[in-house]
Amino acid sequence: MANLAAVVGIGQTRYETRRGDVSIAGLVHEAALRALQDADLGWNAIDAVIIGKAPDMFEGVVMPEIYLADALGGNGKPMLRVHTAGSVGGSTALVAASHVQSGTFRRVLTVTFEKQSESNAMWALSSKHPFSPHLNAGAGGYFAPIMREYIRRSKAPYDVGIKVAVKDRLHGARNPLAHLQLPNITTQEVEASPMLWDPIRFLESCPSSDGACAMVIADESLVHESPQRPAWIKGVAMRSEPTMYAGRDEVNPQAGRACAADVYRQAGITHPRRELDCAEIYVPFSWYEPMWLENLGFAEQGQGWKLTMAGATSLDEAGDIPWNCSGGVLSSNPIGASGMIRFAEAARQVRGDAGQHQVDGAATAMGHAYGGGAQFFAMWIVSSGKA
Amino acid sequence: MTQPEVLSQEFELGYTYTRSTGPIVGRFLTELRRKKLVGIKGSDGRVYAPPMEFDPQTTEALSEFVEVGQSGEVVSWCWVSEPRASHPHSKPFAWALIRLDGADVPMLHSVCTATEAGMRTGMRVSAQWVDKPQGSITDIACFVPENPAAAAEGLEKEAETDQEMIKGIEVPVSLTYQYTAGEATSRYLSEVRQGQLTGQRCPRCRKVYIPPRGSCPACGVATDEEVALSDKCTVESFTIVHIPIPGNPIQPPYIIANLVADGANISFIHLLSECVNEEVRKGQRVQAVWKPMEEWDYAMDNIRYFRPIDEPDVPVDRIGKLPVSGWEG
Amino acid sequence: MREAAIVSFAQLDCVRNAGALNEVELIMPVINGALSGAGLGSVQEVDFTCSGSSDYQQGVAFSFVLGVDALGAVPPINESHVEMDAAWALYEAILKIRMGHADSALIYGFGKSSPGELPAVLSQQLDPYYLAPLWVDTVSLAALQARMMLDQGIISELDMAEVVARSRRNALANNPHAQLKGEVTAQQLLQADPWVSPLRKHDCCPISDGASAMVICTLERARQWGKPCAVIRGIDHRIESHNPGVRDLTRSVSTEHAASHAGAANGRVQVAELHAPFSHQEIILSRALGLGDGTDINPSGGVLAGNLMMASGLSRIGEVAKRIIAGEVQRGVAHATSGPCLQHNLVTVLEAA
């Protein structure tokens with residue numbers, strides 16, 4: 001019933017520790033302008049602007065769509081701000097798509113960003129408010145026990161995470177926009193890097209980045225006005241569940257499984273490993289690759305790590321289902337944009353313009369984001385074929 | 001069920017942001033440091049002072065700077081009779097939209113006059129600079145009713161300053177909140193202050209939550225039945241942390257574990273100590289080590305940490321399902 | 001495009017300080033109220049859930065995550081959040097219904113503004129280089145706007161006081177949830193000293209804690225449920241420049257724009273609920289919407305009677321829907337705003353089915 005929509009423009013900034021040369025407005029404008037240029041459109045070709053980012057406390061600008069209206073050509077247009085924790089980059093793309101798929105608008109601009117160098121993520125994320133009954137040991141402290149539980153259940157060897165950390169950095173070295181450029185990274189180097197939250201080593205964690213990612217999404221009727229091959233949106237899904245409840249499977253969250261089932265059903269996918277050509281999956285800590293391989297149905301329970309170890313997800317090893325060819329979150333992490341980068345990179349793959357990290361002949365790809373205590377999920381599937 | 005005390009405490013959300021300015025804002029701030037004001041020409045020829053980075057009509061990046069006057073006309077104003085703590089002045093003052101000479105679009109800043117009677121729309125005002133401008137909007141201390149003599153004097157005192165372009169500024173943002181814990185949290189922490197862990201049972205699924213938040217997240221129904229729990233727990237999962245927790249004295253490596261108290265159906269996070277890190281395992285039995293009673297407060301760190309006890313491990317499928325009476329092995 | 005309709009609306013009393021109620025404890029009663037008003041037993045029976053809130057109200061990052069604990073989101077639900085007034089969460093939900101991905105949705109907004117100093121907190125919405133470091137608060141910005149209108153002879157102080165007197169009177173007569181209500185004349189109000197001149201304290205909305213929620217669905221679903229409803233005939237929102245010097249603050253161009261896109265003028269407007277945190281803004285909005293004597297403006301008292309930051313806009317829509325569902329009126333307009341001096345505005349047109 002939804003109208004058919006496609007990504008017709010993609011713009012990203014380079015991701016780095018500190019973009020000291022731009023203001024916050026300058027950063028988002030840069031990505032948005034690149035997306036418009038990619039779509040060969042001017043600002044007046046846009047009907048609505050949808051922005052997303054993680055907590056406002058990162059930059060200390062409250063509800064920043066208010067300040068960013070001029071930088072994004074928002075004047076006189078609808079401007080919406082999405083916030084769904086770490087999945088926000090993905091959710092924002094989905095909300096933007098719904099502006100077109102609903103028939104409400106014909107062409108929209110969506111932008112996500114984080115300028116983490118304006119503050120300190122650990123500060124912004126650690127709850128210092130009084131009477132907090134929890135001990136806060138950072139995101140790693142929260143997720144590490146879940147990874148250990150995965151290792152216990154699956155009997156995965158200790159070095160699966162190391163392999164992912166190397167693989168995604170080698171992918172990132174193919175992507176000139178990636179924050180970490182580590183073309184010579186080795187397993188020994190990752191293994192020797194400091195252990196932070198066992199089993200998470202320093203080099204098995206994502207960096208903290210500045211950056212912005214933007215897309216132009218158009219209705220079928222306007223796709224021809226942009227020169228790039230369109231990335232048709234074939235499935236869109238979001239799911240949420242509470243952070244904690246009795247009996248919750250934190251290793252293999254039900255919300256992730258339900259979200260994947262929904263997006264596959266829409267896109268007509270029954271065997272994701274076979275039918276998808278590649279995927280951009282939110283992996284901020286290396287062990288999340290095998291965990292999500294299982295959660296998303298690319299592997300049977302307990303078998304995800306075997307795909308990783310066999311090189312199935314590696315572009316360099318000519319794997320059959322490359323994951324995170326752009327380098328993924330492990331190579332670039334402007335938090336609020338990280339999810340949208342996954343969605344945009346999936347679109348780049350099916351457009352065939354991913355440069356050195358292109359999967360040959362990729363026709364169908366998945367973008368994925370998650371957030372909170374691995375409880376908020378956003379996914380889409382894009383394809384080079386319209387039908 | 002006794003009514004708990006309302007737990008309320010002030011806290012400060014404060015951080016000094018390190019903002020990069022980009023070339024447009026940076027140029028404006030650099031000129032401020034020289035006690036000069038510049039605007040920028042928009043696509044329609046109008047001059048915006050302070051300069052906008054992007055044209056509000058066309059969204060084009062703007063770049064044509066124009067020097068504007070240090071004086072201008074008040075377009076609108078309001079009188080702040082009771083300044084807030086965050087305001088730049090402690091005595092009553094005005095906020096005003098001021099159209100600087102040579103600019104078309106007014107800027108917002110403060111105007112200081114002795115009384116409200118000194119303010120009127122259309123009046124002429126001039127920038128009054130701080131002694132040592134830093135490259136910040138607050139380098140203009142305020143505007144004051146125009147006085148050509150004073151203005152000339154101000155220019156004489158023009159600061160010899162650094163000519164280097166400003167690329168970044170530090171902006172402290174500090175907000176004070178009076179934070180109040182929720183009813184369920186207040187009740188829970190009131191019990192913790194007495195050395196007792198207390199959960200709440202969901203009336204629908206009968207699961208016991210700790211710390212309770214007033215609802216069963218799975219069922220979405222309110223919880224109020226209180227359940228006394230043991231301070232003996234089972235390790236559900238854990239990690240060995242090798243970096244310090246900001247503001248916490250514990251030295252790495254230390255163990256953070258998800259622990260399920262006997263009688264509860266969900267884990268909470270706490271420290272594990274007096275153990276061999278490499279021997280910690282899922283299913284291991286542990287018990288709270290409390291601080292001396294006189295140090296107890298409304299906080300989970302009344303429990304210094306948990307330590308292993310000599311009880312057999314709980315099988316994986318029984319974790320989170322033990323009665324408050326504990327584990328018999 | 002498929003149309004959506006509002007079938008139920010629930011709100012808490014606006015109170016200055018909700019004391020020891022956390023997010024979950026504020027949200028749960030309105031969610032249960034909205035669901036039961038639609039004849040539903042749980043969030044599992046709607047296809048989509050969307051909320052609006054701001055972390056800065058209590059100074060806690062991710063406050064909306066805790067809100068999910070109030071829902072009963074097991075099995076997982078199709079859910080999203082805007083860091084905006086929940087009126088924009090409604091907008092997102094309507095898109096989901098229009099595209100056929102949902103036949104029904106739950107929308108809620110919540111806010112506990114009492115812990116912080118709201119006008120100062122909101123100063124941090126402004127340009128982070130030129131204005132936020134001056135801590136220009138929202139009341140002062142509104143006062144600059146009011147002065148412009150007074151200077152230009154668009155309004156008088158008496159006009160402003162009359163807005164407040166009507167708000168207090170309407171709240172007393174019609175709104176059991178109101179925080180401020182009573183019989184007071186404009187002349188009496190004008191005796192008060194200015195606060196942030198030209199504004200007197202009563203020209204400014206109070207600061208309130210609370211929450212509101214609604215259930216919307218397709219017309220077909222409303223029929224299946226056997227529920228009377230208020231059909232959302234149009235909804236649109238528009239933003240303006242962030243530089244207050246650029247805007248003509250004496251009018252609301254974005255409201256005019258949104259009203260035109262939403263089709264506000266396509267019929268008689270019997271009732272209008274306007275999200276005007278300051279008395280003079282109600283006049284700006286009435287003019288922008290072209291409202292005349294035939295329209296009952298803010299029968300609830302509007303936000304001058306109680307302002308649930310992040311839920312006030314949704315509540316305006318709910319207030320109009322409530323009157324249509326009750327059969328009191330056939331057609332009405334609701335408005336929500338965001339940002340200083342009415343920078344961003346949303347207009348909803350509601351009609352009886």
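Modeller: This is a predicted model. Start with two helices in chain C: α6(C) and α10(C) pack at an angle of about 95 degrees, their axes 8 Å apart.

Biologist: Which residues make the contact between α6(C) and α10(C)?

Modeller: From α6(C) come Asp159(C), Met160(C), Val163(C) and Val164(C). From α10(C) come Ser279(C), His280(C), Glu282(C) and Ile283(C). The contact has 4 nonpolar, 2 polar and 2 charged residues.

Biologist: What makes the span of α6(C) close to the expected one?

Modeller: α6(C) covers residues 157–174, which is 18 residues. The expected span takes 1.5 Å times one less than the number of residues. That gives 26 Å, and the first and last C-alpha of α6(C) are 26 Å apart.

Biologist: Which residues of α6(C) are buried?

Modeller: Among them are Met160(C), Val163(C), Val164(C), Ser167(C) and Ala171(C). Glu162(C) and Arg168(C) are also buried. The label requires 20 or more other C-beta atoms within 10 Å of the residue's own.

Biologist: What do the buried residues of α6(C) pack against?

Modeller: Two helices of chain C: α7 (186–189) and α10 (279–288).

Biologist: Now the chains. How many residues of chain B and chain C are in contact?

Modeller: 51 from chain B and 46 from chain C. A pair counts when the C-beta atoms lie within 7 Å. Several elements of chain B each supply at least two residues, including β1 (8–20), β5 (71–80) and α3 (183–193). β10(B) gives the most, with 7 residues.

Biologist: What is the make-up, by class, of the side of chain B that touches chain C?

Modeller: It has 29 nonpolar, 17 polar and 5 charged residues. Gly counts as polar in that tally.

Biologist: How is chain B divided into domains?

Modeller: Domain 1 is 1–15 + 181–227, domain 2 is 22–166, and domain 3 is 230–329. The bounds come from an automatic or database assignment.

Biologist: What separates the centres of domain 1 and domain 2 of chain B?

Modeller: 51 Å, with the centres taken over C-alpha atoms.

Note on methods. Residues are numbered from 1 along each chain as its sequence is written. Chains are lettered from A and ligands numbered from 1 in the order in which they are written. This is a predicted model: local features need pLDDT of at least 70, side-chain atom pairs count only at pLDDT 80 or more; totals for chains, interfaces and linings use all residues. Helices (H or I, at least four residues) and strands (E, at least two) are DSSP runs, numbered from the N terminus. A residue is buried if 20 or more other C-beta atoms lie within 10 Å of its own, exposed if 12 or fewer, and partly exposed in between; C-beta atoms are placed from the backbone. Axes are lines fitted to C-alpha atoms, for helices over the stretch in contact, and angles run from 0 to 180 degrees between N-to-C directions.
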